[in-house]
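Biologist: I'm new to this one. Could you show me the model and walk me through it?

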Amino acid sequence: MTVLLWILGILAAPAVLFALWLAWVFLKEFFSPSPDDDADADAAEAAAAAEAAERLGLLPVERQDTDHAAPLPADWAAALTAVRTGDWRPAAELLSGIGRDWERRSAAGYLLAECAAEEDEWLLAWETARPDDPDAAVVRARSTVILAWKLRGAKTGRHTTREQAEGFHRTLRGAREEIARAAALNPDDPTPYIAEIWVALGLGYPNAEMEKLWAQITTRAPHHYEAHFSALQYWCAKWRGSERLAFDFAERAAAEAPAGSLLTALPLIAHFEHDDSEDTAADNTPRMLARVEAARADAAAADPAHPRLPELRHLLAFYLHLQDRDEAALEQFKLVDGHVNALPWRYRGDGMARHFCQVRDTVAHRVSATD
């Protein structure tokens, strides 16, 4: 009898094990949905978020402008359209009319220089018609620096070919003569020196040499946004500085700047450039909360027509979202919706519009859920 029971037990063991396995599979599926279920849930949530954004009149991914951070002034857009057809005169009128407004001069000059880096026949015609025009000279200098960075490509150094690196360095070295000429033709203008920051970054100017260049800028425009943004990139750990040097530069500039200068963006940018954490704890420290509040006050005090104000608003929208301050974040998103070429979305390359809309839609969905 005992032998018979042993035999029956042995025969039943596979069936018992199979039943236990089925129970385990069932419990696992019940308490841990399959990847397909997770994907379906994520898709449903994304669709609901997109619907919430659409109800608010916010634009879908395909309608986001990835070239600019905000709509361009009409005369800027007209000048860019004209140069693309070969007519340099509206560009000359634009820079001449801007005059000594250094913020607008550098911003408009950069956009024109981007066009010249792609096709410069119109700029050659301008230079021929007005050989010593400081406006044409500054566009030329900036376009050569932009061309150098295009030759390098956007990848990290180890993924940049030797041919790319050689063309990059050769073009940057050539740009220094053009920068010097532009500076000589308009000695008060900080814009040529701002262009040289990107030469300093690419060619690896020593820190002491960068300090000399920085003095040339700040004596002309002590709180210039683009100059500070560019210099902060130099001081970041990924280029010629360190995390400590970047934050020292950013915090000092923000503390010394008048309200409305937008330089409160710098500590946020320094944080963005050096934060590699996987959660939002670092974005919710008392210091970061204070930085965001200072930036909100700075944006409120700024000239609404400041060409860099939208860039600060993009940063505010992002960090307010990370701090779960969704209504305040949505306010900023509404002010910049439709244009996404700004930090933090810009670093996503071709995916910048998609990333912008994902975060914006999440914020819109959360706000709508609380109404």
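Biologist: How many aromatic pairs does the structure hold?

Modeller: This is a predicted model, where local features need pLDDT of at least 70, side-chain atom pairs count only at pLDDT 80 or more, and totals for chains, interfaces and linings use all residues. Residues are numbered from 1 along each chain as its sequence is written, and side-chain values use heavy atoms, with hydrogens and water left out. Rings of Phe, Tyr and Trp (its six-membered ring) pair if their centres lie within 6.5 Å. The number of aromatic pairs is 14.

Biologist: What kind of pair do Phe-272 and Tyr-347 form?

Modeller: Their centres are 5.6 Å apart, with 45° between the planes. Planes under 30 degrees apart count as stacked, over 60 as edge-to-face and the rest as tilted. So this pair is tilted.

Biologist: Is Phe-272 buried or exposed?

Modeller: Buried means under 20% relative accessible area, exposed over 50%, partly exposed in between (1.4 Å probe, protein chains only). Phe-272 has 18% relative accessibility, so Phe-272 counts as buried.

Biologist: And which kind of pair do Trp-345 and Phe-356 make?

Modeller: Both residues are buried. Their ring centres are 5.3 Å apart and the planes stand at 90°, so the pair is edge-to-face.

Biologist: Which residues do ring pairs link into a cluster with Phe-272?

Modeller: Two of the members have already come up as a pair, Trp-345 and Phe-356. Along with Phe-272, the cluster takes in Phe-318, Tyr-319, Phe-333, Trp-345, Tyr-347 and Phe-356.
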